[in-house]
Each structure stands twice: as C-alpha cells, then as structure tokens.
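Here is a quick tour for anyone meeting this structure for the first time. Take a look at it, then read on.

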Amino acid sequence: LVDTLREPLTASAELVRILRRKSSPSIQQPAQGNVVQAYPSGIIGAVRSAVTSPLSQIGSVRDLVTVSHASTSKELQSTQEYPFFGRTIPATNADAVAVVSYFREVLNATHLGILHVNDVFGTSFARTIQTEA
C-alpha cells in the first residue's frame, strides 16, 4: 500500500520507483502471501481523477490495469489515452447535465458561472457544463 497524499506527482514518482524494481536484481520473489517487494499486477484505488490519470498512463506502458472506485472524470473514458483503465463508478457527465437542467428548469437561470479546480476532473466537469448550457 502506498499513500499518494492525493498528489499526482507523488503518486507518479512512487509508481515509477515501484516499476523500476522489475529490472532490479535485488527483487524478492513473493513467498506465501508476502508480496511487499513483488512487481505489481495492477493499480487499485486512486481517489482523485488527477491522480488516476497519470498513474493509468504510466501503468498502461507496462500493461498494468488501473481500477478506481472514485475517479469520475469524463476524460478517463478515452480508450486511446487510458487503454487499461476501468472504474466502478460512472463518469460525472450525468451530474453536469443535471446541474444545467436544474439551473435552467427549476431556477429559470439564464446565466451560469463556473469556478473549478484546474485538474482533469474540474476541467472535464466544467467543459461538460459549458457544452450542455
């Protein structure tokens, strides 16, 4: 287990460090449940789309599947950029559509401003809202 501190650079640096172990002569063979020094079979659990994005791309170079239970950016649907990515939660496209629908139909709003985090999730969400508006 690795705590990435939800930071893309920290996560990417740690993944690269782990992947270098494959070519290292000092790698230990796993023995009865001890996989601490084993080469990874996949990547599970990145919470932020901003972390999942680089991990999935780096992992894809080594044919490692990345699975997330919380990364919802629409951008992660691209099989060209993320060929080994999967998730157990839908993308936020429907959420963005619902936001626009609520502002338009319930609040009768004619203008909508968007403040967002400048990462893969925030820009994707804002782009979908702009498209739907």
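## A tucked-away threonine

Thr 92 is buried, because its relative accessible area is 8%. Here buried means under 20% relative accessible area, exposed means over 50%, and partly exposed is anything in between (1.4 Å probe, protein chains only). You'll find Thr 92 in the loop between strand 3 (85-87) and helix 3. Setting aside neighbours within four places in sequence, Thr 92 is in contact with Thr 72, Phe 121 and Phe 125; contact means heavy atoms within 4.5 Å.

## What you're looking at

A word on the ground rules: this is a predicted model, where local features need pLDDT of at least 70 and side-chain atom pairs count only at pLDDT 80 or more, while totals for chains, interfaces and linings use all residues. Residues are numbered from 1 along each chain as its sequence is written, and side-chain values use heavy atoms, with hydrogens and water left out.

The chain has four helices and three strands, and from the N terminus on they run α-β-α-β-β-α-α. Both kinds of element are DSSP runs numbered from the N terminus: helices are H or I with at least four residues, strands are E with at least two. Of the 133 residues in the chain, 29% are buried. Among contacts with a separation of 6 or more, 43% are between residues 24 or more positions apart. The accessible surface of the chain is about 8,700 Å², and carbon and sulfur atoms account for 55% of that; such areas come from the Shrake-Rupley method with a 1.4 Å probe, and for residues only the protein chains shown count as cover.

## Two pairs of rings

How many aromatic pairs does the structure hold? There are two. Tyr 102 and Phe 103 have ring centres 6.2 Å apart and planes at 90°, so this pair is edge-to-face. Phe 121 and Phe 125 make a stacked pair, at 5.7 Å centre to centre and 20° between the planes. As for the cut-offs, rings of Phe, Tyr and Trp (its six-membered ring) pair if their centres lie within 6.5 Å; planes under 30 degrees apart are stacked, over 60 edge-to-face, and the rest tilted.

Phe 121 and Phe 125 sit about one helical turn apart, because they are four residues apart in helix 4 (residues 120-132). Phe 121 is partly exposed, at 30% relative accessibility. Tyr 102 is partly exposed at 43%, and Phe 103 is partly exposed at 30%.

## The nonpolar core

Which residues make up the largest nonpolar core? The eight are Ala 11, Leu 15, Leu 19, Ile 43, Ala 46, Val 51, Leu 55 and Leu 64.

Leaving out residues up to four places away in sequence, Leu 19 touches Tyr 39, Pro 40, Ile 58, Arg 62 and Leu 64.

## A histidine in a loop

His 116 sits in the loop between helix 3 (93-106) and helix 4, and with 41% relative accessibility His 116 is partly exposed. Not counting residues up to four places away in sequence, His 116 touches Gly 122, Thr 123 and Ala 126. The C-alpha atoms of His 116 and Ala 126 are 6.8 Å apart, with the two residues ten apart along the chain.

Technical notes:
Core = buried A, V, L, I, M, F, W, Y, C linked by side-chain atoms within 4.5 Å.
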